[in-house]
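User: Here is the model I have been asked to study. Please help me see how its descriptions follow from its numbers.

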Amino acid sequence: MLKAFITESDTLYFNSETFTLSTSIDDLNNNIKKENDYSILKKVVINISNNCNLSCTYCYADGGNYGMMNQLMNIDTADKIIDQLVSRRIQCIKRLILFGGEPFLNIDLFVYIIEKLSKNIEIQKIETVTNGTILNKKVEMMINNYHPFLTVSLDGPQLIHDKLRGKGSHRRTLNFIQYLKEIDYENFEVASTYTRMHQILGFQKRGYL
């Protein structure tokens, strides 16, 4: 489901089309750091959703599918990824990033990966990026049980946000942020994409939210 991405130092990406690690075995071995006899990966990024429920005008991911089919990762693919990590005797992942598309479209697999990986590998931090328009019991339970660091996309006032992301999306994203505030959830940030529309309407890069 992922195109080939250039990996950063100490970063492991997955190619779910071939169900293999996107780095070579030699590269993987070079990226494993021995600390207190642990095999540690600084970051693992898994794309669980080649789909999105919005159509942002500036989307670099072609509407969430990266120019491929709209589809969600299934359990079989996730199991192959997890099995590869376990077979490499990885004992710790400092940052597990689950993303898309919109990852909460695949919330069942989101939780499945966390639960199954955690049985064999220590996960120090879970992260994801969401448009904040999907808030249901499953999402609420995941947030409360696993406390991921959330990056919530909000492009400013309703006039701009809805024009860029779709009518009604601003209200739904604000509802999501309000929910986080109501449960005193502090493990999140709000991120915005600054566009030509912001400039035309006189909004500066800082402080326009």
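Analyst: Ile75, Ala78, Asp79, Ile82, Asp83, Leu85 and Val86 of α2 meet Leu109, Tyr112, Ile113, Lys116, Leu117 and Asn120 of α3. This is a predicted model, in which local features need pLDDT of at least 70 and side-chain atom pairs pLDDT 80 or more, while totals for chains, interfaces and linings use all residues. Residues are numbered from 1 along each chain as its sequence is written, and side-chain values use heavy atoms, leaving out hydrogens and water.

User: How are the residues of the contact of α2 with α3 divided into nonpolar, polar and charged?

Analyst: The contact has 9 nonpolar, 1 polar and 3 charged residues. Here Ala, Val, Leu, Ile, Met, Phe, Trp, Tyr, Cys and Pro count as nonpolar, Asp, Glu, Lys and Arg as charged, and the others, Gly among them, as polar.

User: Why are α2 and α3 called roughly parallel to each other?

Analyst: Helix α2 covers residues 75-87 and helix α3 residues 107-120, and their axes cross at roughly 25° and come within 11 Å. Angles under 35 degrees count as roughly parallel, over 145 as roughly antiparallel, 65 to 115 as roughly perpendicular and the rest as oblique. So α2 and α3 are roughly parallel. Helix α2 also passes α3 in a right-handed crossing.

User: What makes α4 oblique to α6?

Analyst: Helix α4 (residues 137-146) packs against α6 at about 40°, with the axes 12 Å apart. That angle belongs to "the rest" in the scheme above, so α4 is oblique to α6. The crossing of α4 past α6 is right-handed.

User: Which residues of α4 and α6 make the contact?

Analyst: Val139, Glu140, Ile143 and Asn144 come from α4, and Phe176, Tyr179 and Leu180 from α6. By class, the contact of α4 with α6 holds 5 nonpolar, 1 polar and 1 charged.

User: Which residues of helix α5 are buried?

Analyst: In α5 (residues 158-165) they are Ile160, His161, Asp162, Leu164 and Arg165. Their cover includes β9 (149-153), α6 (169-182) and α7 (196-200). After α5 comes Gly166, with a positive phi near 125°.

User: What does the secondary structure of the protein chain come to?

Analyst: There are 7 helices and 10 strands. These are DSSP runs (H or I, at least four residues, for helices; E, at least two, for strands), numbered from the N terminus. Of the 209 residues, 47% are buried. Among contacts with a separation of 6 or more, 70% join residues 24 or more positions apart.

Technical notes. Buried < 20%, exposed > 50% of the residue type's maximum accessible area, 1.4 Å probe, protein only. Contact = heavy atoms within 4.5 Å. Axes fitted to C-alpha atoms, helices over the stretch in contact; angles between N-to-C directions. Left-handed = near helix turned anticlockwise from the far one by under 90°.
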